Amino acid sequence: MAYRVLAWVVGINLILVMTGFIGQLSTDDTSWFNTHDGLISAIDVAHGWLFMVLIVLVVALGRKYRWTIPFTATTAILATIPFVSFWAEHRATKAVRAATP
């Protein structure tokens, strides 16, 4: 359950990070994205910390449920791709439910 919640939070946060990044690059200096650089930086930092916790949870789940190394690695790698991260969470949750009696 903690993994699912954190995966969704990190996934949404990743979308916010990418939106801020693209917004800052594609707009002028007076746009909302560029005038709120501190907020976007705070979201970036929060995303970094939350992502590291997510990776630890992925590895912990992989060890607990004896996932293969490729499955564990792809679950972690897919969490770095906007929108695909939600599918990776669903896939991991499905594997946990299948391994739990």
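1. Let's start with a charged pair. Arg4 forms a salt bridge with Glu89, and their closest N and O atoms are 2.8 Å apart; a salt bridge here is a side-chain nitrogen of Lys or Arg within 4 Å of a carboxyl oxygen of Asp or Glu. The structure holds 1 salt bridge. Helices are DSSP runs (H or I, at least four residues), numbered from the N terminus. Side chains of opposite charge can pair when their charged atoms come close.

2. A word on what you are looking at. This is a predicted model, in which local features need pLDDT of at least 70 and side-chain atom pairs count only at pLDDT 80 or more, while totals for chains, interfaces and linings use all residues. Residues are numbered from 1 along each chain as its sequence is written, and side-chain values use heavy atoms, leaving out hydrogens and water.

3. How exposed are the two partners? Arg4 counts as partly exposed because its relative accessibility is 31%, whereas Glu89 is buried, with a relative accessible area of 3%. The cut-offs are under 20% relative accessible area for buried, over 50% for exposed, and partly exposed in between (1.4 Å probe, protein chains only).

4. Next, helix 1 itself. At 1.5 Å a residue, its 25 residues should span 36 Å, and the end C-alpha atoms are 36 Å apart, so the two agree; the expected span is 1.5 Å times one less than the number of residues. Among the buried residues of helix 1 are Tyr3, Leu6, Val10, Asn13 and Gly23. Their cover includes helix 2 (32-35), helix 3, helix 4 and helix 5.

5. Now look inside. The largest nonpolar core has 14 residues, and Tyr3, Val10, Phe51, Leu54, Val58, Leu61 and Trp67 touch the most other members. Helix 1 (2-26), helix 3 (37-64), helix 4 (69-78) and helix 5 (84-99) each give two or more residues to this core. A nonpolar core means a set of buried Ala, Val, Leu, Ile, Met, Phe, Trp, Tyr and Cys residues joined through side-chain atoms within 4.5 Å.

6. Trp67 deserves a click. Leaving aside neighbours within four places in sequence, Trp67 is in contact with Val58, Leu61, Gly62, Thr72, Ala92, Ala95 and Val96, where contact means heavy atoms within 4.5 Å.

7. Ser85 is another one to find. Ser85 lies in helix 5 and is buried, with a relative accessible area of 6%. Not counting residues up to four places away in sequence, Ser85 touches Gly11, Leu78 and Ala79.

8. Two loop residues have a backbone angle worth checking. Arg66, in the loop between helix 3 and helix 4, has a positive phi of about 55° although it is not a glycine. Phe83, in the loop between helix 4 and helix 5, has a positive phi of about 70° and is not a glycine either. Arg66 is exposed, with a relative accessible area of 76%, and Phe83 counts as exposed at 58% relative accessibility. Most residues other than glycine have a negative phi.

9. Asp28 is found in the loop between helix 1 and helix 2 and is partly exposed, with a relative accessible area of 47%. The C-alpha atoms of Asp28 and Ala99 are separated by 51 Å, the two residues being 71 residues apart along the chain.
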